[in-house]
Amino acid sequence: MTHPKLSRIVRLSLLAAAGFGLSALPAYAAVSFLGVAAGDVSSDEAIVWTRAVDASAAANVTLQLDTDPAFSNPATRSGTTDANKDYTLKLDLTGLQPATVYYYRFVGPSSETSSVGKFKTAPAPTTAAPVHFAFSGDMDGLMRPYALAATIPAQNLDFYVNLGDVIYENASNAGVTTGTPGPNNSPSVTLSGNIPAPSSTGATQAQLYGDYSKKYREQFLPVNNGGQFGLKTFYAAQGNYTLYDNHELGNKQYINGGAPTGGAVGDMSSGAGVDARVSTNDVNSSTGSDYMNKSTGFQTLQQVYLNYQPIKENRAAGGTINAPSDPRTHNTKQLYFAQPWGKNALYINVDDRAYRDIRIKKAGSGNTADETAAPRANNASRTMLGATQLAWLEQTLLDAQNAGTAWKFVAVSDPIDQIGPIGGSLTLTGLPNFGSGVDGNGNASPYGPVNSDGGKSWIGGYRAERNALLKFIADHQITNVVFLATDDHQNRINELTYSPTGQTEVQSSYVKAPYVFSVVAGPLGATGPDLITNHTFAVAQQLANSLVNAQQTAGVEPIGLQGYPGLKNVVRENDPAAGVNPAAVDFYSPDTFNYNVLDVSADGKTLTVSGVGVNATPQNSAKEYGADGNTARTIFSFQVDAPAKPAISLSGYVLNRGLNKFTQQVTVTNHGTVPLIGPIRVALDNLSGNTALANGSGVTINNAPAGSPYITLSTGNLPAAGSVSATLQFNKPASGSISHTPRAITGSMAP
Amino acid sequence: MTSKTLLKLLAAGLLLASESGHAAYYHVAIQIDPALYGTLNAPLFLDFQLNSGGGAVANSATIDHFSFTGGGATPNTITASGAVSGDLSSSVALADDATNPYNEFFQGFANGTTAISFDVLTTSNANAPTPDSFAVALLDSSLGNLQLPSSAPDGVSLFTVSIGDSNPGSSYAGVGSASGITTSFVPSPATLWLFAPGLAGLRLFGKRRAA
């Protein structure tokens, strides 16, 4: 008997079986499974993944899917691992029930069984449901077996965002081996040639494919006999959404999918791309196919990544994006998407690698440092997302706002906040003493907090597009946008600022984007935090204070959410003042391997963010979870209440004979618990043509729809439960009544 | 038409109005300090407006039971604009004809009038986003509004009803810095006011038929 909920899957499985070309099974040796994973889960669909080999041959396997973890009544579907995809297999399951936990496993011809995976489908977009998810990134083999990952299954997440750098290309040698060459003795991938000196002796496509596939496989293997199988249990524990960053793409010019290849140099076998020191390469305006994302090297690396991640590959109709007017994007795989998780949360997965312009380097022979200064980095045409994706992202956010979706989470692989001065670096002083050989007074130190925004970051090298995106969010009053990022190997929370006037190089023109902040988390296991060996609160505080002092000197908004509207219940380990007087350190953890857990309340009113971590451990130390008493704990947590939508009430029209005007009272009320950021204005859309607003403050320009008269009710914030009123005066119509549609506008930018 | 038929129509009409909650009743009283007549640009006019907010559902207002103390309405000083009719000596009716920018009635009253009271019955059909508006004001001899303190929301109305609001009706007291004009209103629960006689009428009608 087939489980009623899974009947459609069974039907699809029959079709899929035909597609996979099932044939009489040959005699098989035992099939071995590397692991399982599920991902790109919607309310009715999921991708499930495995890698299974039978003596290095493709394996025929059967998927079992059930809502019962004992698989008492599983639906089944057959598939064959693909030798051309390193013996991996992905199945696209459709017809699933929303908000349902499913268990799955793969079974070989001789009843060999994979580990059991689990995923939960998203609630229907109309369902008010709590959302519980986590994210991190940056898994460098140097830190295998990623001890902290062992704690993620117990979180019982709705989903996890595997946010970039899910493998590293460099060597790792953990010392404790399970074989030679085993997962511990892992050499670097074959290099592809260095920038800015392209090598003609780079890797072949076959080397590229083989070396990177091996790096992905190693993430599922132990480094100690009897120890944790790397990320195997973590991958199986919940549905995952995955992004790639520079390390999946070779960490050379392939990280710039929108950069010009300059011809055949885009291929690994013959070079590494165009010279990033030359300003003519800053923006790729090709109308043809000279984009790195069209090169075989890029596509090879992207495909290896896709082979090993539970990612839906045919999201675009026809397999690739059809955007002839945007050659940068045309005919590429669509890896960006948005997924509602019930009524109150929207998860947005961005692809900010496939379309970005080149990471620019300073001019000069042999100079490879990032160029983040004007004029090159200010080039308004530089893009990280590409025109098609940027327009999609903006529209997706606007649609969510209009639909009443309380929280919008945007996962980007590079941080979008600002740390250092534009085009420069902070001068840090007062650094603490920690570890060995450290001078804490600004002298040589093995570690300093991140003090600049590199050329990889939004504000470092793509700030015009960053500004346009944040301005769009502010101008359209899209609230509760939370950007999720990793890559900086520290955990920090930050408000986001932008220039309403578009003067991206003028720091003084920057203001806060209302109700928008970013969470930078990670690494799950990578270098940087390991250089801090004193894990006391005092050291973290000194590092944070050093950073904040330098930011204030530079006129940069300091890290943290102090003063953020709706912030409450701030808790930081070893800081009893956090709840009363939150400081930067309460939103900062530089010395841990970590992930952040985010919870949206069922009513959508409150977001809780928790940073969970362990003290960072040394490279190649192969520490298992709990070794040396190093267990996971909550480093910090806080809550943010969502602002209520401002409520507008109107009185009727009254003819004021003294003024010879019609008057009308308009009142804006804040029914929420979070102050509404002022000024508070009301625009009158669709004002009838028989009149005009006689005492208006102006006409909307930035706030769509443009051209509507507006009046300013107050210049300050509107507190919780507060209201503010004004009298509208209208010219007396010759005939007919007056009509309009009022619209509240909050925030400091020009409406 | 027989008395039985009239009773039936009345009862049905009242019940219909009450069941949908489409009526509101107020008693309005205006006190005027006679000393003010030395400072105001008298004679004064009592002004009523019923203006459409542009919504699809119509409303109406009926004002009656006028009472004047120390003076009275001045005949032949009526100005009517839009869908209005009546006289302060009997009753005034206004409708929110949306083809007119405003529907207004005003009529003068004698200097020395110290108190005016009347009853207002409005329908209460809510229109969004802008409600229909019923307003009462005093005009001076130049037909300009007596200006109220800035604390009064619209600066000119002694009494307004944004029809359909959950908390309709408001009044404002005082003219400038002078103590002089005080307005009070007593809203009555329209549902009870209409529902009770409606039900009673139908019951009576039913009993008569049964008999």
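**Close-up views of a predicted model**

**View 1. Helix α8 of chain A and its buried residues.** In α8(A), the buried residues are Val539(A), Ala540(A), Gln542(A), Leu543(A), Ala544(A), Ser546(A), Leu547(A), Val548(A), Ala550(A) and Gln551(A) (buried: 20 or more other C-beta atoms within 10 Å of the residue's own, with C-beta atoms placed from the backbone). These buried residues pack against β20 (588-589) of chain A. The helix covers residues 537-554, and its 18 residues reach 26 Å from first C-alpha to last, close to the 26 Å expected at 1.5 Å a residue (expected span: 1.5 Å times one less than the number of residues). Gly555(A), with a positive phi near 75°, follows α8(A). Helices (H or I, at least four residues) and strands (E, at least two) are DSSP runs numbered from the N terminus.

This is a predicted model, in which local features need pLDDT of at least 70, side-chain atom pairs count only at pLDDT 80 or more, and totals for chains, interfaces and linings use all residues. Residues are numbered from 1 along each chain as its sequence is written, while chains are lettered from A and ligands numbered from 1 in the order written.

**View 2. Contact of α5(A) with α7(A).** Leu390(A), Glu394(A) and Leu397(A) of α5(A) meet Glu465(A), Leu469(A), Phe472(A) and Ile473(A) of α7(A) (contact: C-beta atoms, placed from the backbone, within 7 Å). By class, this contact of α5(A) with α7(A) has five nonpolar, no polar and two charged residues (nonpolar: Ala, Val, Leu, Ile, Met, Phe, Trp, Tyr, Cys and Pro; charged: Asp, Glu, Lys and Arg; polar: the others, Gly among them).

**View 3. The side of chain A that touches chain B.** In this interface, 22 residues of chain A are in contact with 29 residues of chain B. β25(A) gives the most to the chain A side, with three residues.

Key: Contact = placed C-beta atoms within 7 Å. Buried ≥ 20, exposed ≤ 12 C-beta atoms within 10 Å, placed from the backbone.
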